[in-house]
Amino acid sequence: MKNPQTTLLIRNGTVITLGNNPRVLPNHSVLIEQGIISAIMPDSECTAHADIEISAAGKLVMPGYINAHMHFYSTFARGMYWLEAVPDFPGKLRTLWWKLDKALTLEDCRYSAYIALIEAIRHGTTTFIDHHASPLAVRGSLSAIAQAVTDCRLRACLCYEVSDRDGEQVAQEGIDENINFLQECNRSEANLLRALFGLHASFTLTDATLQRAASAGIQVGAGFHIHAAEAVADQTITQNKYGKRVIERLHDFSILGEQSIAAHCVHVNDKEIELLAETGTYVAHNPQSNLNNAVGIMDMLKLSQAGVQVVLGTDAMTVKMPEELRVALWCQHLRNDDASAAFIETVNTLFVNNAKLASNLWNQKIGELTEGAAADIILVDYDPPTPFNNETLFGHLVFGIANAAVDTTIVNGNILMRNKQLTLDLDLEGIVAKSRELSQILWQKMQ
């Protein structure tokens, strides 16, 4: 289905609304017009007609998943086997990620995004907030990724990570790339693309570059997307060089705010948590990445209780948001030495806060099935073996639905997958083959 003007009727499924008032509505139908949900009603009362009708009998009908922190280009790191073993996170940045991003071409940027996006459709993730770096291919990199997003018909917010690690010229190119893409999004009628102003991390940004970036972003009214206090090194280097902690420094440069995302925040103190809460800054929790990099476990419970808006990302470890959700919960149990800790707070990261963040970025209701919301919907194979209602919904989401197969994926009223078959007008086999070819060349350059 390529035309969002086409009407679509999803018949007789179990609708999970999510949102601030999550409800389970058995035997309900959803009518979609012009990419928007126009009605949700009991199937017995449904008299609507549509161009396309989908039976959801025996399936859940729920909002598509949202990923609040992603790196599409990380796709091309999959399977690397020759890497030097390093014990700390800065070493991993130097030996893997900063070597990989410097080897990327514009074609690599586009094809690595294709792979992640196609996998996302299969697993019901419909919205991404991505963070990109390709220091030797900065100009046009966001447009290359945007082309993949447009071809796959998903929803994505992009940015380029400005950093001083490759010199002043590359840093300025990163600032320019952010501004150009932000302006391009503002001019475009393509409503699936949005932009933030990307920054790498406090410890790789000088005061001069951070000031230029902050001024440029504020001038165009952009929020910022930055890694913050992911590892102890970010705090140590920032304090040694600038006499401030990471969040305090970002606050001084007006980087924090209701449109901004600080990713990770594993190593923040009470004052920094207070600043994050006061400014309404979103904090993206990425538990699998933090475990993989051995940098620690964010005190998500403490941040949430302090009023910080904690959202859930994957840092490219996966596109399966329920998988990340489950790991986030186990992490909080372990960190708090309490097998019942942070259940609601963890579930809210994905199903409440991610939806709020996406709704703010796109200025429309996303992540909730309600009249007037964006028609970003998935159908999931799930036959509840125990009572399934408003009270048991979250337990089913974590312990049952998380393992269920996605049958159908719809974004903006467009059917991207139906009956587990992709409907994209793309040469999927050719994309995979081209990705293998490009990644092999990239690996050779890295070695």
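Predicted model: local features only at pLDDT ≥ 70, side-chain atom pairs only at ≥ 80, totals over all residues.
Biologist: Thanks! How many helices and strands are there?
Modeller: The protein chain has 14 helices and 18 strands. These are DSSP runs numbered from the N terminus: H or I for helices, at least four residues, and E for strands, at least two.

Biologist: And what share of the residues is buried?
Modeller: Buried residues make up 61% of the 447 residues in the protein chain. Buried means under 20% relative accessible area, exposed means over 50%, and partly exposed is in between (1.4 Å probe, protein chains only).

Biologist: Which residues have the most contacts inside the largest nonpolar core?
Modeller: They are Met62, Phe72, Phe197, Leu199, Ile247 and Ile401, in a core of 121 residues. Helix 2 (residues 106-123) gives the largest share of this core, 10 residues. A nonpolar core is a set of buried Ala, Val, Leu, Ile, Met, Phe, Trp, Tyr and Cys residues joined through side-chain atoms within 4.5 Å. In soluble globular proteins, nonpolar side chains tend to be buried together.

Biologist: Let's zoom in. What does phenylalanine 72 touch?
Modeller: Leaving out residues up to four places away in sequence, phenylalanine 72 touches Ser112, Ala113, Ala116, Leu117, Phe128, Asp130, Ile145, Val149 and Leu158. Contact means heavy atoms within 4.5 Å.

Biologist: New topic: where is asparagine 27?
Modeller: Asparagine 27 lies in strand 2 (residues 24-33). Although asparagine 27 is not a glycine, its phi is positive, about 55 degrees.

Biologist: Is asparagine 27 buried, exposed or partly exposed, and what is its relative accessible area?
Modeller: Asparagine 27 is partly exposed, with a relative accessible area of 47%.

Biologist: What about phi of aspartate 337?
Modeller: Phi of aspartate 337 is near 50 degrees, again a positive value in a residue other than glycine. Aspartate 337 sits in the loop between helix 11 (321-335) and helix 12 (343-362). Aspartate 337 is exposed, with a relative accessible area of 73%.

How values were computed. Residues numbered from 1 in each chain as written. Heavy atoms only, no water.
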